[in-house]
Amino acid sequence: QVQLVESGGGLVQAGGSLPLSCHASGDTACIADMGWFRQAPGKERELVALIRSSGNTDYADFVKGRFTTSRDNAKNTVSLQMNSLKPEDTAVYLCYARTTRPCKGTNYWGQGTQVTVSS
């Protein structure tokens, strides 16, 4: 199993920046993909950014050019730098990891951290 703990988040004005970080523990040797999802009140959880074990990244269209994700495999961390924040970015941001062989293929999420962007 993998445990994910986020840090960062908080309240920021529109146009501002905010960094998020996530530390993974447990079966970290089995982690393939890591990334970030978000969920706003009354809305479904949606993918924000994904970074694969190769370092390749994928971003949702609504954050391209504004958010950047990175990972440090030695420290078992994944980060999300959020710039040019908009009120519609307000949501709970959840760290994500997917494990693969030799472990069981499983998706994991952290408990989440609140990001609030004021207009």
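Asn 76 lies in the loop between β7 (67-72) and β8 (77-82), in a predicted model. Asn 76 has a positive phi of about 55° although it is not a glycine. The protein chain holds zero helices and eleven strands, where helices (H or I, at least four residues) and strands (E, at least two) are DSSP runs numbered from the N terminus.

Residues are numbered from 1 along each chain as its sequence is written. As this is a predicted model, local features need pLDDT of at least 70 and side-chain atom pairs count only at pLDDT 80 or more, while totals for chains, interfaces and linings use all residues; side-chain values use heavy atoms, with hydrogens and water left out.

**Backbone in the loops**
- Most residues other than glycine have a negative phi, and most peptide bonds are trans.
- Asn 76 counts as partly exposed because its relative accessibility is 23%; buried means under 20% relative accessible area, exposed over 50%, and partly exposed in between (1.4 Å probe, protein chains only).
- Ser 84, in the loop between β8 and β9, is not a glycine either and has a positive phi of about 50°.
- The relative accessibility of Ser 84 is 39%, so Ser 84 counts as partly exposed.
- Pro 102 sits in the loop between β9 (91-99) and β10 (106-109), and a cis peptide bond with omega of about 15° joins Arg 101 to Pro 102.

**Strand pairing**
- Strands β1 (residues 2-8) and β3 (residues 18-26) run antiparallel and are joined by seven bridges; two strands pair if DSSP finds at least two bridges between them.
- In this pairing, Glu 6 stands opposite Cys 22 in β3.
- Strand β3 is also joined to β8 by six bridges, and these two run antiparallel.
- Cys 22 stands opposite Val 78 in β8.

**Whole chain**
- The C-alpha trace spans about 45 × 25 × 20 Å along its principal axes.
- Buried residues make up 39% of the 119 residues.
- Of the contacts (heavy atoms within 4.5 Å) between residues at least 6 apart in sequence, 53% join residues at least 24 apart.
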